[in-house]
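Here's my quick note on the model you sent over. Have a look at it first, then read the points below.

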Amino acid sequence: MIEVAGLRKTYGDFAAVVDSSFSVDEGEVFGIVGPNGAGKTTTLKVLAGLVDPTDGDVEVAGFRSDDPEMRRRLGFLPEESPLYEEMTPRSYLRFFADLYDVPGDVADERIAAALDRLELDHRERRLGDMSKGMKRKVAIARSLVNDPDVLVYDEPASGLDPVTTNSVLAFTRELRATGKTVVFSAHNLYHVESVCDRVVVMNEGRIVARGSVDGIRERHGETTYHVYTDVAPSRVDQPTGPLSDVDATTEAVGDRFRTTVPDMDAVEAVREAVAAAGGEVVDIRTREPSLEDVFLDIVGRPMPGRYAGDAAAEGPE
Ligand SMILES: Nc1ncnc2c1ncn2[C@@H]1O[C@H](COP(=O)(O)OP(=O)(O)OP(=O)(O)O)[C@@H](O)[C@H]1O
């Protein structure tokens with residue numbers, strides 16, 4: 001449904017996107033993740049036909065990105081979407097449906113269906129008086145007025161409260177169920193993990209990892225083991241003993257202790273150490289790395305946005 005080959009976008013001497021190639025299948029939710037300035041928005045704007053590529057081929061729904069027909073097949077949700085404050089959701093969405101020449105009765109039905117699915121109340125309220133979450137839902141409904149095959153969503157759920165975030169993420173999953181193809185960018189990797197089939201990770205304009213979330217996790221992240229015990233394993237910080245050479249950290253969780261270790265040998269070492277302390281292992285669980293862990297491994301710095309005000313978000317490079 002989307003083919004991008006050798007995409008490059010430069011602004012003067014500066015390359016915002018370098019040699020980017022990927023394809024997105026019909027009915028897939030495809031994620032683009034990466035730190036600030038990685039080139040995500042530039043990529044999405046090229047897909048939406050809003051920015052011309054400097055080099056490379058971009059095809060969406062069978063049309064090149066400079067073909068006006070491509071724009072008709074596509075719904076774009078920008079990161080910031082200023083709405084006409086004096087309009088109501090209904091009048092605003094009808095206005096955009098008219099721009100796409102959608103017949104009035106079809107538009108009314110489509111708009112009502114989208115707003116129902118997004119659970120947007122107060123449809124006659126002035127947009128200027130609506131909350132951020134309500135406005136975002138109206139912007140999402142706007143991306144659907146032309147019944148596009150492809151949706152390009154830049155940070156659809158960022159800055160929203162948890163309830164609205166969940167509602168927007170659930171809605172995005174539903175789009176896949178209705179056969180739409182979605183390209184989705186987000187800082188919050190939980191959003192990406194919970195919605196996307198496949199992702200590319202961008203850094204400094206380049207794709208640095210790609211694949212299914214699980215595949216990327218397997219290649220770049222390490223499974224750890226959580227060993228729950230009824231007493232703390234002894235001598236974690238002692239120079240001798242079963243855990244002296246093991247990379248283990250122990251913390252109290254309720255009335256138990258949880259020791260995190262990297263492999264099964266270390267699990268056995270915890271078992272010995274806890275027996276030496278007069279206790280026993282009560283549970284062992286594996287912990288898969290989150291996409292956040294993987295991102296740190298690949299890019300070498302924390303994701304911005306999750307660490308607001310955190311100096312660590314700025315580096316190290
Ligand atoms: N119109 C422009 N003129 C010059 N430089 C630009 C322009 N648009 C984007 N850039 C630069 O290109 C780089 C990539 O920007 P882009 O917005 O695509 O990144 P991003 O991954 O979406 O970042 P963020 O997460 O901060 O939104 C940035 O360094 C940005 O400053």
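1. Ground rules. This is a predicted model, so to speak with cut-offs attached: local features need pLDDT of at least 70, side-chain atom pairs count only at pLDDT 80 or more, and totals for chains, interfaces and linings use all residues. Residues are numbered from 1 along each chain as its sequence is written.

2. Domains. The protein chain splits into domain 1 (2-209) and domain 2 (224-287), with bounds that come from an automatic or database domain assignment. Taken over C-alpha atoms, the centres of domain 1 and domain 2 are 46 Å apart.

3. Ligand shell. Around the ligand you'll find Y11, F14, A16, G34, N36, G37, A38, G39, K40, T41 and T42 (a residue counts as near if its C-beta atom, placed from the backbone, lies within 6 Å of the molecule). By class, the shell has four nonpolar residues, six polar and one charged. For the bookkeeping, Ala, Val, Leu, Ile, Met, Phe, Trp, Tyr, Cys and Pro are nonpolar, Asp, Glu, Lys and Arg are charged, and the others, Gly among them, are polar.

4. Who supplies the shell. Strand 2 (14-24) and helix 1 (40-47) each give at least two residues to it; the largest share, three residues, is from helix 1. Helices (H or I, at least four residues) and strands (E, at least two) are DSSP runs, numbered from the N terminus.

5. Helix 8 with helix 10. Helix 8 (residues 213-220) packs on helix 10 (residues 291-299) at about 50 degrees, with the axes 9 Å apart. Axes are lines fitted to C-alpha atoms, for helices over the stretch in contact, and angles run from 0 to 180 degrees between N-to-C directions. That makes the pair oblique (under 35 degrees is roughly parallel, over 145 roughly antiparallel, 65 to 115 roughly perpendicular, the rest oblique). V213, I216, R217 and H220 of helix 8 touch L291, V294, D297 and I298 of helix 10, where contact means C-beta atoms, placed from the backbone, within 7 Å. Those residues divide into five nonpolar, one polar and two charged.

6. Helix 3 with helix 4. Here helix 3 (residues 89-99) and helix 4 (residues 104-117) pack at about 130 degrees, axes 10 Å apart, and are therefore oblique to each other. P89, R90, L93, R94 and A97 in helix 3 meet A107, I111 and L115 in helix 4. The tally for this contact is six nonpolar, no polar and two charged.

Methods. Two residues are in contact if their C-beta atoms, placed from the backbone, lie within 7 Å.
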